[in-house]
Amino acid sequence: MKRFSKTFLITLLVTAVAVPGWLLLRRPQPPGPVQPIAFSHRVHAGDYQMACLYCHTTATRSTVAGVPPVQTCYECHRVVSKDSPEIVKVLQYWEQKQPIPWIRVHSLPDFVYFSHKRHVLAEVSCQTCHGEIQGVERVRQESSLTMGWCVDCHKQRSAPLECSTCHK
Amino acid sequence: MNATSQQPVSFTQITDDILAPMWKPSRGYLLLLFAALSLAVVGGLCWLHQINTGMGVAGISRPAGWGIYIAAFVFWVGIAHSGTLISAILYLFHVPWRAAISRTAEAMTIFAVMTAGLFPLIHIGRPWLFYWLIPYPNERQLWVNFRSPLIWDVFAVGTYFTISLVFWYVGMIPDLAAIRDRSTGLKRNIYGLFALGWRGSGNQWRHYKAAYLLFAALATPLVISVHSVVSWDFAMGIVPGWHSTIFAPYFVAGAIFSGLAMVCTLVIPLRRAFHLEKYITLNHFNQLSKLLLFTSLIVTYAYITEFFTAWYTGNPIERDSFYYRAFGDYQTLFWIMTVCNCIAPLVLFFRKMRQNLKVLFVLSLLINVGMYLERFIIIPVSLTHGFIPNVWGLYTPSLYEIGILAGSFGFFFFFFLLFIKFLPVLPIFEIKEGFQPHPAKQIQEAAS
Amino acid sequence: MRAAAGVTGISSREEPLVQALERLRQRGYKNVQTFSPVPPEQLIEKPESLKSPVRAYTLTGGILGFISGLALTIWTSLDWPLRTGAKPIASIPPFLVIAFELTILFGGLFTLAGLLIHARLPQTAPEPGYHARFSVDQFGVFVPCENGQIEEVKQLFHAAGVEEVSVETA
Amino acid sequence: MTDSLHRRDFLKLAGLAGVAGAVGCGEQPVRSLIPLMVPSEDIHTGVATWYATTCRECPAGCGMTVRTREGRATKVEGNPQHPISRGGLCVRGQASLQGLYNPDRIPQPFRRDTGGATQNIGWEEAEEQLRERIGALLEAGEGDKIVFLSGTNGESFHRLAGRWLGALGSDRHLVYEAFSAAPILEANEITFGARALPSYNIAEADYIVSFGADFLETWLSPVGFSRDFAQMHAYRDGQMGKLVQVEPRLSLTGANADEWISIKPGTDMFLALGMAYIIVTQQLGVSLSRGEAQSLENLLASYAPDSVASITEVPAETIERMAREFAGASAGLALGGGVAATGENATATLVAINLLNYVTGRIGQTIRFDKPLHSAESAGLNSLAELVESMNQGDVKLLLVHQTNPVYNLPPALGFAEALQKVPFVVSFSSFADETTDMAHMALPDMTPLEQWGDFRPAAGVHSLMQPAMNPVFDCRATGDVLLRVAKQLGGTVAEAFPWESFQEYLKERWQETYGESVGENFDQFWRDALQRGGVWDSSPSSAEAAAGAGNNLRLTSEALSFTFLPAGFAGQGEFFLHLYPSIHYYDGRGANRPWLQEIPDPITNIVWDSWVEIHPETAVRMGIVEGDLLRVESPAGSVEVPAYLYAGVRPDTVAIPLGQGHESYGRYAAGLGVNPAVLLPAISDRHTDTAAWSCTKVQLSKTGRRSELVRTDGSVKELDRGISEIIPLSALTSGSQGEQHGEIAEQHAEQSMYPPHEHIDYRWGMAIDLSACTGCGACVAACYAENNIPVVGKQQIAQGRHMAWIRIERYFEDISAAPDVRFSPMLCQQCDNAPCEPVCPVYATMHSSEGLNLQVYNRCVGTRYCSNNCPYKVRVFNWFEYEFPEPLHLQLNPDIAVRDKGVMEKCTFCIQRIREGKDHAKDEGRLVRDGEVRPACAQSCPTQAIVFGNLLDTESSVSRLSQRQHGYHALEELNTKPAITYLPRVKRI
């Protein structure tokens, strides 16, 4: 009496789940989007050790960290390496009075309340969420920004877990 | 076998009789199948429109947040109950006449649960997120709220469907083997696959009988729990007209009542079309009718009790709610329901009526209507007349809602029609068992 | 002539086969297989073990279901305590509903598993000695035997009043 | 490049992008991230900026603050510092945002050719065309044929317009306001020789007789008066003020009154005279000089109670009682002059009321002329008739219409629309395509008040400022700027007369003129302070009193003592008096294009999106009319067809129709809805002021045989003693019988629970709602719509019960009689501790926070609607569809709260976004939120402060103290849901 090969069946099932899962996990993270200007956090925050708050001025004051106005770029770059091709672009934006159309990398859904201020003031470092940003040429989303990811950290740090803390 | 004397029928004859109507669709059958499918498709399109546009295409609103979808859910779950009753409870009680109608009733259960299961999906505002009702580890680290009767529903109906399906399927294995052995080619392979290589060996039968009894023993409390849970969807709410301790037994009785009516609705035409008079006798209907009458009386009693407690407690809100039920905007429905569920079944006190299939068929239809109305009156009508007089309103189902409701009948009958052509409508081996001139049984019967 | 796998006795009644089976056993024939279209009264390979072990599965499943129902509900509620209404985080009464349903579900599924395991289902290989008529109206007993024993078995069957005897080849 | 242009770029890009994100809940997030060009002082992304300005939705001039986010106004609130409104804001004020973002605003200037087709033009071209027109007229020496017709304007604009016209050689600047206070001014002139609108000290009064003055709705300054009324009518120290409302139709004000005198229309004058007669003859009032007393007795001789009773149909005993009560009150006050009571004898009625106040010594006591209110001056019917005449004769070559809509508002009998067609060039400055603009040759759309500069004097000593809270939404220009630019282009002396670059500059200079001397060199600082505060006002009343104290020693003039009191006439032979009243939502019709105002039910009838005629149930029975029957109402001037609403609060011989609907144009929300009953009016005016008479005709009622279903939001008009909206007799409070203490009840309930009560950390947010103070005005509802991105669903959906409001005013007609018992109770989520909604949610979309809030996580909701079913208060609403916010209304959306998707349940969470913000601030300072620091939109907006919010764990907070008050109760208390809201029953004078 020949039985169904149960071992075979189980093997098949496990493979069917594991292989695509593994492939999905191992999929190389896509690089961040190509920005209108190849701004390098490595140069600014890494090499020159500029404080994050120098440009992201509202990180301690507002829910959003803030993208620096073109004037902030201009004020340094009208002197600093103004001939480099990327900086020329910045200066062009300034001349044409056009804001730089940066492409958004980190975005949270509309129903989420996230305050940079509260996190920065609670001394959560920028790198906790944004990765080793000071070494990055092109910014990409380092963290998953999923609910579970937020909750993990909140649990670890005994931060509030009330629904209304983050949901609006 | 039952008391009425029957001509001895050979096992071959039984097998032939039961399998004869299979696989040879008549024009009428195809027409019915097409009609059922079309109805289901119409319902499906209505649903698609509803998903696309929003729940607003249905007539539900505030205060009646639940309407004919939930009424239909309860209705179909109720229908499902008689299948298990017949196959499990009557089995445990060794009721001799159950075999002839058990298969059909069980099939009805399966399809009715499937149909019922659609309604919570149809009714939720964001059906694409239905899986949030199922506890599984997820990246949100959130589980479900086990305090919610809706989660109890998920578990109760899920369990009910699984157990009923297993019960039905296991009951069919010997019959599937019989079909396998009588057919050739692809058909043989397919039935063979589902027969799992059943041989009818003594060893198999031994475990089979044991398992079947255990299934019946498990299904009996289950069937009671399922409709209790369904009734708690309402009874756990504080809505006047919902919040009642008698709901669980009352709903179980109502479910069985409606389910038996649906069995009559299905079996009477089936018996005629498939020439099963030999196996489904007037005595069967006589017995069924008695059960119908009995459950009808329970339901009537429950209605009276509800009104009595509402009136005699003197709670003005309860009183008002029940007064509204009987004499308010929906009074016509209420009185139709009373006639269908409480008054019309009283004819079954007469034996003649119990064996008059025309009467029984019409009555079963009336009871189906009445039981649907009962759910309608309990669910949306109670909601329209809640605690705050300022938000009292009316609920009128929209065409889309009615389309989906009609579609559910199409869905149910589509599966049922497929069932009668592809599977044996009577449990062959049990029928044979009944006709077997069994020494032990004969002695037993003689003694009793 | 190929080697015979055994001999099948076929009858429309159970009694002759029961008798034949009794005698076959006395002669020391083993691995006898019975077939019947309806649940047999006596035509069973081992009449001494009428109780089926399947119920042990049911009990195990039921207990497991109850425990896992309670465990699931309590653990998930405590995992992220969210308050609803006035109910405590671990509210036992509603959790009993879940536990009950899981008791039934697990009990049922374990019963099914027990049935399949003990009834050796599913099986795909052809069963020696099985005749299609067994699922219609005939009872049967298949005795595996050597070529030399065929006649003896045949005799036994005939003596017991079995109407038809068929020799099965492997 | 100027800073404003950067701001504008930013708005175009970032602002809109941000909104796109706010709108699509759960949809693809914003893809681009647009920074500012230069850092702005005002705008911080993610942080709200507030601007103080003045509400211009009616001539009351309440102070208002505007919250802006990322450069767009998202909410307006009452300015707590402003002396007129003192923090409250009415339903119309809240809806001013929907004027700003109205999708049917005129987006840019257009010309209309002879065929009627419109053609959009640029501003340069538009101004050039206007200049050409004017230039041609000036050349022809026809400068005096230019007419400027406007609504009530801000002070500086009014002067500028006058100066501008003057420079062109015209003095024809007409101000037309549909509801005019002219009869009051005239009556005061006649009675006291003081042409002023006094301030009414409602707050200090203890007995008010209001002759048709709907001062809680539209009369003069309803927000301020509501606040005063709540104070006057509050129970304190064993007493409460009494309001007697005299009117043929029970208005919202009447519904809040202690007594309703259902008087025969047009006879208020006689009642006032009858009361004065009793007071004078029985010497109940103040002692008068011998001569005065004698003259008064002569004047009043024919108004003995019996004769007055037969005229007014008010029983003589009632008149006598009222007279005694009024005279005996320590601070009585008789008010008059409501729109609905304005008939042919409007001024005479007010003279009679003045006499009544005078003989009881109220002038200088509750009526004060030292701090007069700003009056809504308006051209009377006669001067408009003259204008019409002059238009017909070709004496108007250029008509400029600014922020008024005469084609709609004026009775058609006047023939304004026909005359308008004879004017060769009509320019409309209206922001909206209204009926008048439809007939204009050119539209030069003005900005809405929230976008422009201006100032306004609502009362003496109060000078409010208006400033743009955001950049213009459309390509509109402030009319002040347009006038200045056109003047400049005209050149010559005209240009020289206008040296200012912009209206803003003109305004600032005018202020410098006014205040420069007193503030000296610090003017810039003064100006900044004024802008921040919302204007300047005298905070020390003593100085004002001292300055104008003399104004209060007014004596009766000889004219008053010889006044002839003629009865009001009614045109037509109809069976019913026609009672037209201004709607609290639409005012004179200008509110009709605000969807919130259409959507929020009328406080009395609870009807939405419609017009109706109110008839007494007895009349209805007699004529076989049921609600929704379409009736034809005919007067000598015209007829309308309008559905019937049966209302016991209207006299059987009267029918009432609200004003403000029936627009033919005015955008998608207003056009084609209801009827404009002004067409029923013959052009009859008040005898003394020629103010248009609203109560002047009798009408015939007939059934058309057709139906037009009215959509009401009230399911039942009775409360059925269910403990939702309770009253407590005044006697129960004064008799000293100490009923059960509320605290005891709460304790009992704690014991009754199966489980221990919730623990709360730091806060348990709670609310106390004083039903004695709630007037039912609905301001809270509008505030909630604005704050919480609540969609408007329209008449059809509301008919299906899909009203989306998170807070509603439940109105119960318990008794409509001489002592009306009409109950208003705000119903919103009660934030129950034992919330029935929470345990039934299968997915934890609704749960309880540690601060006692009943949270709703919108994105978690799968939409089973179980919670709504199980909510006994029915305060949860479901998103039946994906609701739209037609552009640019979506710019109003509050980014602090998600816009809910279809299929999701939503509800009030005590404005959790505000709580979050308040806690954020508090955390910065390392403290807990202070009492009063966080206020939900409803509580903030309430003109009477009936809603108090705060932390119940803080025993010192106002909400704690109010919640512990004796007789406080929870709605549906027997359900033991443990709500966070405590209602204080309405104290009823029984």
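These questions and answers concern a predicted model and the contacts in it.

User: How are the residues and chains named, and which parts of the model count?
Analyst: Residues are numbered from 1 along each chain as its sequence is written, and chains are lettered from A, ligands numbered from 1, in the order in which they are written. In this predicted model local features need pLDDT of at least 70 and side-chain atom pairs pLDDT 80 or more, while totals for chains, interfaces and linings use all residues; side-chain values use heavy atoms, without hydrogens and water.

User: What makes chain D and chain B partners in a contact?
Analyst: Contact means heavy atoms within 4.5 Å. The contact takes 56 residues from chain D and 52 residues from chain B. Buried area is the accessible area (1.4 Å probe) that two parts lose on being put together, summed over both; for chain D and chain B this is about 4,200 Å², with 55% of it on carbon and sulfur atoms. D:Arg722, D:Arg860 and D:Tyr866 supply 16% of the area that chain D buries against chain B, more than any other three residues.

User: Why is the pair D:Arg722 and B:Asp320 called a salt bridge?
Analyst: A salt bridge is a side-chain nitrogen of Lys or Arg within 4 Å of a carboxyl oxygen of Asp or Glu. The N to O distance between D:Arg722 and B:Asp320 is 3.1 Å, and the pair meets in a salt bridge. The count between chain D and chain B is 2 salt bridges, and over all chains the count comes to 71.

User: How do you know whether D:Arg590 and D:Glu177 are buried or partly exposed?
Analyst: Buried means under 20% relative accessible area, exposed over 50%, and partly exposed in between (1.4 Å probe, protein chains only). D:Arg590 has 23% relative accessibility, so D:Arg590 counts as partly exposed. D:Glu177 has 4%, so D:Glu177 is buried. The side chains of D:Arg590 and D:Glu177 meet in a salt bridge of 2.5 Å, N to O.

User: What does the salt bridge of B:Glu430 with B:Arg98 tie together?
Analyst: The closest N and O atoms of B:Glu430 and B:Arg98 are 2.8 Å apart. B:Glu430 lies in helix 15 (residues 428–435) of chain B and B:Arg98 in the loop between helix 3 (68–92) and helix 4 (99–123), so the pair ties together parts 332 residues apart in sequence. Helices (H or I, at least four residues) and strands (E, at least two) are DSSP runs, numbered from the N terminus. Both B:Glu430 and B:Arg98 are buried.
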